[in-house]
Amino acid sequence: MQALRWHGVKDLRVETIEEPQVTAGKVKIKIEWCGICGSDLHEYAAGPIFISQGTNHPLTNEQAPVVMGHEFSGQVVEVGEGVTKVQAGDRVVVEPIFACGKCTACKQGKYNLCEHMGFLGLAGGGGGFSEYVAADEHMVHKIPDSVSYEQGALVEPSAVALYAVRQSQLKVGDRAVVFGAGPIGLLVIEALKASGAAEIYAVELSEERRSTAESLGAIGLNPAEVDVVQEIHRLTNGGADVAYEVTGVPVVLTQAIQSTKLSGQIMIVSIFEKEALIHPNQIVMQERNITGIIGYRDVFPAVISLMSQGYFSSEKLVTKRIALNDIVEQGFEALLKEKNQVKIIVSPNQS
């Protein structure tokens, strides 16, 4: 089959590899759509971050080159011995977290904090930028007919967004600000709407992305035109209840901290490529608190349910649909160069 594999920074190759075999407890899925994630883009531009290079990943026993892609939907074509959760023909998505099940975090049910945690499509195990994947049964979630395959490719990133909001202190009627209106930032806006936020502000330089945020119900702010910290304090009469940092840009983290009210909260949702310098007094003197999240846990069913109610719409968020052979130039490079792109999804089984 054809698959996209990461060999190194700026070195992605569509190659012919063996189709995965179905063994006991495994589910073989024909991929319909797979989204290009911000994490994928970080690996392409500045990796390895989650990808193992030089040594095998402790859970998959694999290292680069690895098949990429972890935001995907598809149809079950075969199941292994002992699988009872799904059957051939089922429409599914995959929760792509590998966890050891033995460490302190896993024993507490916090499998996304596993000390050996990895993602299918980054740590090995196959990936969604291929024609087929064989995933463990417990990773597979069925989607109803009301959720399209395109929508299904957004379940994984939507889970990040919903988990970020769930882990925050946000209450119904609160005011929130989202720094960065890329794919995850826009999905955070959707999650905030579903969670009852009264006002949502979106700080974004790109006019196209800011416009998309506004179409989702947020109030857009251009940091090139206004002092966003002062403007947020003015508009909210004292600062946002919760700020979500979704850019990974060090200076923006400082703005997120300063934009919150007394005892406000800053949720760090992004992955940073560089260290960020912050002044502790901005936290201490206002009794603010900062929380970070990685991935998600126990939210896929809730995301799928919200999708069936109209949230996390692919029609509003998907800006480009491409074939696997075009993924580097029209996918990864386009996301680096074209700020009007939001979510690009890839079909490995279509030319």
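The legends below describe close-up views of a predicted model.

**View A. Crossing of helices H4 and H5.** Helix H4 spans residues 155–167 and helix H5 spans residues 183–194; their axes come within 8 Å and cross at roughly 55°. The two helices H4 and H5 are therefore oblique to each other, and H4 passes H5 in a right-handed crossing.

**View B. Residues in contact between H4 and H5.** On the H4 side, the contact is made by Pro157, Ser158, Val160, Ala161, Leu162 and Val165. These residues meet Ile184, Leu187, Val188, Ala191 and Leu192 of H5. Sorted by class, the contact of H4 with H5 comprises ten nonpolar residues, one polar residue and no charged residues.

**View C. The largest pocket.** The volume of the largest pocket is about 1,300 Å³. Its lining consists of 49 residues, and those closest to the centre of the pocket are His42, Val246, Thr247, Gly248 and Ser270. Two or more lining residues are given by each of helix H1 (38–46), H4, H5, helix H8 (250–258) and helix H12 (327–337). Among the elements, H1 gives the most to this lining, with five residues. By class, the lining of the largest pocket divides into 28 nonpolar, 13 polar and eight charged residues.

**View D. The second largest pocket.** The second largest pocket holds about 280 Å³ of space. It is lined by 23 residues, and Pro20, Glu62, Gly124, Gly125 and Gly126 lie nearest its centre. Strand S4 (66–67) and strand S9 (132–136) each supply at least two residues of this lining. The largest share, five residues, comes from S9. The lining of the second largest pocket contains twelve nonpolar, six polar and five charged residues.

View E. The peptide bond from Gly47 to Pro48 is cis, with omega near 5°, and Pro48 is found in the loop between H1 and S4. A cis peptide bond also joins Ala64 and Pro65, where omega is about 5°. Pro65 likewise belongs to the loop between H1 and S4.

**View F. Backbone of Asn61.** Asn61 is not a glycine, yet its phi is positive, at about 60°. The residue Asn61 is placed in the loop between H1 and S4.

Conventions: Residues are numbered from 1 along each chain as its sequence is written. This is a predicted model: local features need pLDDT of at least 70, side-chain atom pairs count only at pLDDT 80 or more; totals for chains, interfaces and linings use all residues. Side-chain values use heavy atoms; hydrogens and water are left out. Axes are lines fitted to C-alpha atoms, for helices over the stretch in contact, and angles run from 0 to 180 degrees between N-to-C directions. Helices (H or I, at least four residues) and strands (E, at least two) are DSSP runs, numbered from the N terminus. Angles under 35 degrees count as roughly parallel, over 145 as roughly antiparallel, 65 to 115 as roughly perpendicular and the rest as oblique. A crossing is left-handed if the near helix is turned anticlockwise from the far one by less than a right angle, and right-handed if clockwise. Contact means heavy atoms within 4.5 Å. Ala, Val, Leu, Ile, Met, Phe, Trp, Tyr, Cys and Pro count as nonpolar, Asp, Glu, Lys and Arg as charged, and the others, Gly among them, as polar. On a 1 Å grid over the protein atoms alone, a cavity is a set of points where a 1.4 Å probe fits but cannot get out, and a pocket is an open set with protein on both sides within 12 Å along at least five of seven lines; lining residues have an atom within 4 Å of a point. Grid points are joined across faces, edges and corners, and a volume is the space filled by probe spheres set on the points.
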